[in-house]
Amino acid sequence: MAKDGYTIQKEASRILHSVLLTDPRLQIPESVKAAAQRTSFDASALQKPFLPAPVKCTESSAALWALLSTFGNAIAEERYGLAEQHVVVNSDVASIFLFSFLLLQVGGKPISDPELRRRYSIYDTTSQFTHWRRLVTNVYPTRDGRWFHLHGGLDSTPCLKMLGLPKHRDLAEEMEAIEGLSEAVQQFDADWLDIEANEFWRQAGGICLTPEEYRATEHGKVVADEPLYLLEEFPSEKLPPVPWPQVETKTYRPLEGIKIVDLTRAIAGPTIAKLAALFGATVVRVSNTNLPDLGIVLFESNLGKRDAHLDLKTDEGKKALRQLIEDADVVLDGYRPGALEKLGFGPTYVHEIAKRRGKGIVYARENCYGWKGPWKHRSGWQQISDAVTGIAWLFARMWDVDEPVMPFLPNSDFQTGIVGCIAIMNALDRRAKKGGNYLVSMSLNYLNSFLISLGTQSPEVQQSLREMWPGMKSRHYDDLHRQMRVLTSGLPQVAPQLLNPKYFMTIKADLGVTDEEMVFVGPAATYETTKLGYESGSCLRGTHEAKWPEE
């Protein structure tokens, strides 16, 4: 333990009570502030930082889980009369939540098992996981001595075209791909790549900036005072308060009876909806089986959801989505900024549907850069946010290397997922009390800026982490996949407590094999009466019809 008595639990509590609950921009109701007195942190969890990161991933995740579970407690009190219920947050679980898909087991096999890999690889329709195409998503040096993070997204072809490279190369070794891609990137200046990728090819990508450099950009200045989420209310005399649904329950989960349309892919957006399902919501995910997806993540992120195929570029698909929305409480948009507007389902039209039916809707949206500023229209991923906000250079400083180093886990994705569920609960609570439509907006950059604002771990803690994880010292080209191998192989030795069976849950899956069970990371919060959990295990895309369960 650090000399000053620093513990994960103390810092998580400080973040909850002195940072989150006191931030007026988050518009946290008094009922939640009162309920926070009944929220505590599990003292049996590891007390000393153990994740090899300079930023406070565990502490931040635990604090956000605490705020989420406190919102849930306040709603459960209002709905079910659970006035004195306490909730305990376990920071061990809040940590493994950040890479939970890596710990998934299906049919007794780890997610890395070749047979499981074959099953979820059906969603890799663009062959993204060959060495050549996967390693497009990486940091490379530029001609002018800077560093640029390319990102192939779910299809690396546009990036490869931009660099004048072939779509496919059959390479036996990862370093062959890294060397070939690096040589091509070094033919261009960083600013050229930034504009070319984002504005012409419409591919995500970003210059690796320090936190100071990011704050000095035009975009950084515009979003400097943005909170973790934005909550906007649109009152209307046509939209009275909407009481919480009347339900028969034995679990007393706060979001039971709430219907959410999940229009997301990748990690952050699906995590918002997965958490909402954990807290009781009915979630219908709208997917398109003709498009690529992150299968390794999807096998876990579809927990508790129904999944329906719709092609939203067809009249039939649009009609089916509109029918879903007409009976929904929340619409969750994780697409590229403006994409759903072009299809006719942006916030303005969805809120109009609400006015016509006389019942408000919460429109929740998540992106990379935030919702104002010159980069707001850009697509982005966790790695791009980590690159542009300065997270990568903070990792470099920890390891004393003179090149940006990407984090070993999709922290900003998963923590943005927690933030999104918090914001939705806040808006639903307001709808119940005041009526109206709501727009809640999250971004990966908002999360990373918040994380940086909490400060880095002390020099003593960082030194102890370097000693715990000598194999985690990385280079600029060590992408998430290369680093996650080190994380998963080292975890049983560094922090075996994290793999305690009590931190996991089991449920029947619907992933293509009859009577198959999945074992997954459970909730980081435990209530006295409320029982968090899922109604169903993960399912494959297109398993269900685009209807609500009772229809």
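This is a predicted model: local features need pLDDT of at least 70, side-chain atom pairs count only at pLDDT 80 or more; totals for chains, interfaces and linings use all residues.

Reader: What volume does the largest cavity have, and which residues line it?

Author: Its volume is about 70 Å³. The lining includes Trp 65, Phe 97, Lys 274, Glu 300 and Tyr 534. Helix H12 (268-278) gives the largest share, three residues, and strand E16 (517-521) supplies at least two. Helices (H or I, at least four residues) and strands (E, at least two) are DSSP runs, numbered from the N terminus.

Reader: How does that lining divide into nonpolar, polar and charged?

Author: Nine nonpolar, one polar and two charged. Ala, Val, Leu, Ile, Met, Phe, Trp, Tyr, Cys and Pro count as nonpolar, Asp, Glu, Lys and Arg as charged, and the others, Gly among them, as polar.

Reader: You mentioned Glu 300 in that lining. Is Glu 300 buried or exposed?

Author: Glu 300 counts as buried because its relative accessibility is 2%. Buried means under 20% relative accessible area, exposed over 50%, and partly exposed in between (1.4 Å probe, protein chains only). Glu 300 is in helix H13 (residues 295-301).

Reader: What does Glu 300 touch?

Author: Leaving out residues up to four places away in sequence, Glu 300 touches Ser 100, Phe 101, Leu 104, Lys 274 and Ser 538. Contact means heavy atoms within 4.5 Å.

Reader: And the second largest cavity, what's its volume?

Author: About 60 Å³. Helix H3 gives the most to that lining, with three residues.

Reader: Switching topic: what order do the strands of the open sheet have?

Author: The order is E1-E2-E17, three strands with mixed pairing. Strands E1 (39-41) and E17 (525-527) stand at the edges with a single partner strand each, so one side of each has no neighbour in the sheet. Two strands pair if DSSP finds at least two bridges between them.

Reader: How many bridges join E1 to E2?

Author: Three, and these two strands run parallel. Thr 39 has Val 87 in E2 as its bridge partner.

Reader: What about E5 and E6, parallel or antiparallel?

Author: Antiparallel, over four bridges. E5 and E6 form a hairpin with five residues between them, and Gly 145 in the turn has a positive phi of about 80 degrees. Val 139 stands opposite His 149 in E6.

Reader: Last one: where is Trp 548?

Author: Trp 548 is in the segment after E17, and at 1% relative accessibility it counts as buried. Trp 548 and Asp 327 are 221 residues apart in sequence, yet 8.4 Å apart in space, C-alpha to C-alpha. Asp 327 is one of the residues in contact with Trp 548, along with others including Lys 259 and Leu 324.

Note on methods
Residues are numbered from 1 along each chain as its sequence is written. Side-chain values use heavy atoms; hydrogens and water are left out. On a 1 Å grid over the protein atoms alone, a cavity is a set of points where a 1.4 Å probe fits but cannot get out, and a pocket is an open set with protein on both sides within 12 Å along at least five of seven lines; lining residues have an atom within 4 Å of a point. Grid points are joined across faces, edges and corners, and a volume is the space filled by probe spheres set on the points.
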